[in-house]
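Hi,

Here is the structure I said I would pass on.

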Amino acid sequence: MKPIRALLALSITVAVLGLAGCDRDSATDDASRTSVPEGETADQFIARVNAELKAMYPQLTKPQWLSSTYINDDTQFLAAKANERYLAQLNDWIEQARRFDGQEMTPQTARAIQLLKLSTSMPAPRDPAQLAELTQIVARMEGMYGSGTYCTGEGRDENCRQLGQLEDVLRNDRDYDDQLEAWRGWHTISPPMRNDYTRFVELVNTGAGEMGFADAGEMWRSGYDMSPVEIAAETDRLWGQVKPLYEQLHCYTRTQLETEYGAGQGSVAGGMLPAHLMGNMWQQDWGNLWDMLVPYENAGSLDITAALQAQYKENFAEALDRNGDERDVGMLAQLEQDAQLATAKQMTERAEEFYTSLGMPELPDSYWKKTQFIKPRDRDVVCHASAWDMNMEGDVRTKMCIKPNEEDFTTIYHELGHVYYYLAYNDLPPLFQTGAHDGFHEAIGDTIVLGMTPEYLESIGLVEAQQRSEEALINAQMRMALAKVAFLPFGLMIDRWRWGVFDGSIEPGEYNQAWWNLKARYQGVAPVEPRGEEFFDPGAKYHVPGNTPYTRYFLAHILQFQFYKSLCDAAGYTGPLHECSFYGNEAAGEKFQAMLSKGASQTWQQSLNELTGGERMDAAAVLEYFQPLQAWLNEQNEGKSCGWQASAATPPAPEGDDAAPAQG
């Protein structure tokens, strides 16, 4: 996963229906609630809910699509009201379901009722005024994020840059101060969210409490076919498996940063990595540091970005040729936009072709007509990459602001994983139209990304012919680790923060301190200057104001390697795991498609077993894949003082979990 793996990506499914709205005329008008047929059985109830949900679904998703792709007060109002109506209806359905507590019913109906109760990440209060307040806050926070802008100059209205432009600085500019300004600048957009977020927490906790949960975090942890305590312990176990590999990557990266910037700037007190120097706004993907971290410069080029930018320049040159010599500034801007769109579609077509090579269908024509491929010139949009199922029967879309670089290229493959999951389970009843668990949904596209081996990239013309050598292997492994391994602790810490916020162990007056304590503890990352409670740095990450649970991304980064290994086995591959690409293998595609088509109709353990032969999430495949790199990192780090002291962070971590030592 990239920015969403970064990044990131928000997947609009039944599991996060709370992000959109529905078709009832009034959230507060009891007369508008669905009448309950006398003598209705549990099976009949679920059949009715499925029918009503599918009928309302376009009215649920379209206001949210408008709010994300045309940010203004009007679309935020429409999204908030639709959200309000849907959540009122959801509360009504959940209340109706209580009639069947303790009654005998089919296993499928029992599962559907459980999924209904967990079908939103935003449990809403029953009180109409509180419900309306909650949806207004959600629309407002998402609008603040989507239109977030950092301006400098007199009156603070000049030299304005949004997230994409500030990310370009971190991606491409190696000037220490330029990067620090860009990082600081984006984090100015979130302090105004702080009071809204504090109230948001109070309201969703009220809703969760009314549904019988201790808090919203416990509700989130209840969606994994195991107890909330068990899934928390499971994530700790999985992190323990991969932590030594991350620590070795951290140690190597710190050495290279200190070589580039000097010991005084390349690391932070305690041996941590400076937040603004990681090439990514949230330090979740280190791939943009490739120029500094490449193990062997002359062992074959993996510069995908250069190839994509060359393709954009070619498209722009063709657009210029088509329009002759008379060009004003406006025309040139439009020609640039046209070339960006053409390049974005070409990138997406390449991604689609990987899926169709496995025997999966081509994307519907409506996808190409309705998708947001690039940032429009005329309005603010939410650029955060996401995939959308608009009607549960084939109207699928993605929403991105694609640029010709490796990060966005792999993100397209990730987002199409969501889309192909939607298409595979669209024949199921609506309550089963979601992933086996939310980590499954995030893992699908990333499994495909693992199949993007250097040989595959060479076959589609994005990199030069690859030499087969130990140096080329380590380069390829490092390229993948900077995305996959670097992400792991970030994928864990965001929900560790929110679980604490929801259960009250992190109080509003310590939101920012707790955020940086956890980043220090898990990632070994810290800001280079104090970040007090006047800031709200969690809000600068989309998934916090967007209220998207994040443990799914951590689990996806484990599951994708299990999926990948099983698809390689299905393809008959017998070599080293890291060299496998199942591109073009329909036997692997058939096995993958079979799992996708089950959606949430059975437990994730059953779905995992059918694909991999086991019912337990396990990081062994991660370690098998990266074994050559881990051995190389151990050699590179020999004699160095690895690990970090989280207690040296700014602000300080609480006593206890203050060190993350690594050997070597």
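Asp291 comes out as partly exposed, with a relative accessible area of 44%. Its side chain meets that of Arg174 in a salt bridge, at 2.8 Å from N to O. Asp291 sits in helix α11 (residues 290–293) and Arg174 in the loop between α5 (163–172) and α6 (176–186), so this pair ties together parts that are 117 residues apart in sequence. Arg174 is buried, with a relative accessible area of 18%. Keep in mind that this is a predicted model.

That pair is one of the salt bridges in the model, and the count comes to 33. Another one is Glu393 with Lys54, where the closest N and O atoms are 3.8 Å apart. Here the loop between β5 (386–389) and β6 (396–399) supplies Glu393 and helix α1 (residues 42–69) supplies Lys54, so the bridge links parts that are 339 residues apart in sequence. Glu393 is exposed, at 56% relative accessible area, while Lys54 is partly exposed at 29%.

There is also a bridge within one helix. Arg199 and Glu202 pair up through their side chains at 2.9 Å, N to O. Both belong to helix α7 (residues 194–210), and because they are three residues apart there, about one helical turn separates them. Arg199 counts as partly exposed at 28% relative accessibility, and Glu202 is partly exposed too, at 42%. Then there is a network: Glu40, Arg48, Glu52 and Arg99 are joined by salt bridges that share partners.

Which residues gather in a patch of negative charge on the surface? They are Glu470, Glu471, Glu635 and Glu638. I looked up Glu638 in particular: this residue is in the loop between α24 (627–636) and β8 (644–645). Its relative accessible area is 62%, and Glu638 counts as exposed because that is over the 50% cut-off.

One last residue, this time from the inside. Thr109 is part of helix α3 (residues 107–117). Is Thr109 buried or exposed? Thr109 has 7% relative accessibility, and since buried means under 20%, Thr109 counts as buried. Setting aside neighbours within four places in sequence, Thr109 is in contact with Ala42, Asp43 and Ile46.

Happy to talk any of this over when you have had a look.

Cheers

Technical notes: Residues numbered from 1 in each chain as written. Predicted model: local features only at pLDDT ≥ 70, side-chain atom pairs only at ≥ 80, totals over all residues. Heavy atoms only, no water. Patch = residues over 30% accessible without salt bridge, like charges linked within 9 Å, V, L, I, M, F, W, Y side chains within 5 Å. Areas by Shrake-Rupley, 256 points an atom, 1.4 Å probe, with all protein chains shown as cover. Salt bridge = Lys/Arg side-chain N within 4 Å of Asp/Glu carboxyl O. Lys, Arg positive; Asp, Glu negative; His and termini not counted. Charge placed at Lys NZ, Arg CZ, Asp CG, Glu CD. Helix = DSSP H or I, 4+ residues; strand = E, 2+ residues; numbered from the N terminus. Buried < 20%, exposed > 50% of the residue type's maximum accessible area, 1.4 Å probe, protein only. Contact = heavy atoms within 4.5 Å.
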